[in-house]
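Take a first look at the model below. Then follow the text through one chain and on to its partner.

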Amino acid sequence: MTLRFGPVSFAIVFCCVYALAFFTNLPLFLYYPLHGDFTWGPQLLKGAGPGMAWYGLMADAGIAALVLAFIVPDRLLDRIFRNYFWLFPCGAMLVCVYMLRQFLLQG
Amino acid sequence: MITALLILHALVGVSLLGAITHQLVSMYRRRAVRSGSFIDRYTGVNPQVFVVAVVSLYVAQVLLGAVIYPAYRLNVRIPFEEMFLFREIGMFEMKEHFAGIGMGLLPLYFWLWRPQLAESHRRDRLVITSILAFIVWWGFLIGHILNNIRGLG
């Protein structure tokens with residue numbers, strides 16, 4: 001059995017996991033740029049300055065997508081979602097806008 | 001150093017913007033008969049040739065953004081919060097999240113531009129390329145606006 005990378009699976013899983021991790025506030029880690037510290041998960045480290053979740057969200061989505069891109073057959077997803085791949089990035093982007101609404105409404 | 005990286009980030013952004021816009025416009029405006037005008041020449045290119053450039057520039061752009069992002073978080077976002085510029089912060093956060101989602105789309109984008117999928121995945125190719133172009137334009141404009149409000153220098 002040979003492993004084949006599935007770009008369709010990768011994109012779909014990446015979008016879904018990214019949106020889900022952002023929605024549930026579950027980055028793999030937080031980065032604190034003030035002193036260059038890292039912590040696992042979403043727990044804030046006191047006295048370390050502002051934490052950044054984006055790298056952790058990218059890691060969540062990237063790892064999950066990479067693993068599932070070799071497991072979930074592309075043919076299956078292609079057959080189901082052909083012509084509708086755009087739903088996944090659009091959905092993920094809408095989730096991001098929803099999650100950031102407090103910034104947009106305060107301005 | 002951060003200023004140099006920010007300028008490089010802007011230059012790569014301009015290149016990416018040019019490549020994906022050229023590809024998108026030529027993809028939407030397919031004409032059999034061409035007059036030789038600037039518009040026809042601009043849109044008369046083979047959009048296939050931009051794929052590798054777009055993927056390479058996009059990856060380079062996101063990596064550069066990831067390197068300078070901590071400087072933004074400390075030197076730009078905190079003063080923005082003190083100035084109550086929350087809408088601008090939100091716009092920038094959207095740019096970062098959209099750029100991340102765009103990274104996840106790159107393998108699909110590359111795959112969709114294989115010549116053998118031209119007919120079977122025509123709509124997906126069109127829409128995924130449009131979404132990537134939207135992300136690039138959004139990132140460029142918001143980055144530009146925020147840099148005008150407060151650059152990293």
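Predicted model: local features only at pLDDT ≥ 70, side-chain atom pairs only at ≥ 80, totals over all residues.

Residues are numbered from 1 along each chain as its sequence is written, and chains are lettered from A in the order in which they are written.

Chain B has 5 helices and 0 strands. Helices (H or I, at least four residues) and strands (E, at least two) are DSSP runs, numbered from the N terminus. The C-alpha atoms of chain B fill a box of roughly 55 × 30 × 30 Å along the principal axes. Of its 153 residues, 37% count as buried, with 20 or more other C-beta atoms within 10 Å of their own, placed from the backbone.

Now look at two helices of chain B. The axes of α1 (residues 2-28) and α5 (residues 122-149) come within 10 Å and cross at roughly 145°. Axes are lines fitted to C-alpha atoms over the stretch in contact, and angles run from 0 to 180 degrees between N-to-C directions. Among the residues making this contact are L17(B) of α1(B) and W137(B) of α5(B). Residues are in contact if their C-beta atoms, placed from the backbone, lie within 7 Å.

Finally, turn to the interface. Here 31 residues of chain A are in contact with 27 residues of chain B. The largest share of chain A's side, 8 residues, comes from α1(A).

Methods. Contact = placed C-beta atoms within 7 Å. Buried ≥ 20, exposed ≤ 12 C-beta atoms within 10 Å, placed from the backbone.
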